[in-house]
Amino acid sequence: MKRAVYPGSFDPVTKGHLDIMERAAAVADELVVGVLNNNKKTPLFSVEERVNMIKDVTSHIPNVRVEAFSGLSVDFCKKCGASFLVRGLRAVTDFEYELQMAQTNRSLDRGVDTLFFTTELRYAYISSTIVKEVASYGGDISGFVPPQIAEHVYAKIGTVKGSKSF
Ligand code: ADP
């Protein structure tokens, strides 16, 4: 059983994340999406909300499981019985940090390797931060996140598509 963990904040999950989940689930027997409960960051959505949103948009992928976790990704891998960590690489700007994290994780646990997926070009510029920024000005985020996620984001931020809050 090749089990992989895809850890992240997913605040909120984007079409770029979803693309990585679909592709990683195609090569792993089981993909566990680990939603980080990080008390150093103040997220827009609670960890439960993020878990439920990801469950909703991954319901068409049978071998995906979604769980919240806190602490080290390698410890979460061990708990899940996973031997791979999945990460996405958007651009060279991601590379330095991701390389450092992968090497750190490998030195923490030799039983865990990191698998990188390169982003689909059409999603390469998308980040959760950009989604929140555009939505806060009532901009159109339908190209960045699935429709049900867009609704949650506008509702949480208190804007509607097409509104301008100056
Ligand atoms: P973190 O706080 O761990 O960086 P994110 O939710 O921002 O959490 O990202 C989780 C993972 O998904 C990271 O590996 C990141 O590089 C990747 N990722 C983020 N946005 C995209 C995207 N648009 N396309 C592909 N991968 C992405």
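Guide: In this predicted model, a polar side-chain atom of serine 9 lies 2.7 Å from an oxygen atom of the ligand. Phenylalanine 10 also takes part, with a polar backbone atom 2.9 Å from an oxygen atom of the ligand. Arginine 87 uses its side chain: an N or O atom there is 3.1 Å from a ligand oxygen atom. In total, 17 residues are around the ligand. Those that come nearest are Tyr6, Ser9, Phe10, Gly88 and Ile126.

Most residues other than glycine have a negative phi, and most peptide bonds are trans. The loop between β1 (3-8) and α1 (15-27) also holds proline 12. The peptide bond that leads from aspartate 11 to proline 12 is cis, and its omega is near 5°.

From the loop we can turn to the sheet. Strands of a sheet pair through backbone hydrogen bonds, either parallel or antiparallel. Here the sheet is open and has five strands, in the order β3-β2-β1-β4-β5, with parallel pairing. Its edge strands, β3 (64-69) and β5 (113-118), each pair on one side only. From one strand to the next, the twist averages 30°. Strand β2 (residues 30-36) runs parallel to β3 and is joined to it by six bridges. Within this pairing, leucine 36 has phenylalanine 69 of β3 as its bridge partner.

Next come the helices. Helix α4 (residues 92-108) lies across β4 (84-89) and β5, and it runs at about 170° to β4.

Two other helices pack against each other. Two packed helices are described by the angle between their axes and the distance between the axes. For helix α2 (residues 47-57) and helix α6 (residues 147-157), the angle is about 155° and the axes are 10 Å apart. Angles over 145 degrees count as roughly antiparallel, so α2 is roughly antiparallel to α6. On the α2 side, the contact is made by Glu49, Met53, Asp56 and Val57. On the α6 side, Gln148, Ile149, His152 and Lys156 make it. The residues of this contact between α2 and α6 divide into three nonpolar, two polar and three charged.

Technical notes. Residues numbered from 1 in each chain as written. Predicted model: local features only at pLDDT ≥ 70, side-chain atom pairs only at ≥ 80, totals over all residues. Heavy atoms only, no water. Axes fitted to C-alpha atoms, helices over the stretch in contact; angles between N-to-C directions. Helix = DSSP H or I, 4+ residues; strand = E, 2+ residues; numbered from the N terminus. Parallel < 35°, antiparallel > 145°, perpendicular 65-115°, else oblique. Contact = heavy atoms within 4.5 Å. Nonpolar A, V, L, I, M, F, W, Y, C, P; charged D, E, K, R; others polar. Pairing = 2+ DSSP bridges. Near = heavy atom within 4 Å. Polar contact = N/O pair within 3.5 Å; in protein donor to acceptor, adjacent residues only side chain to side chain.
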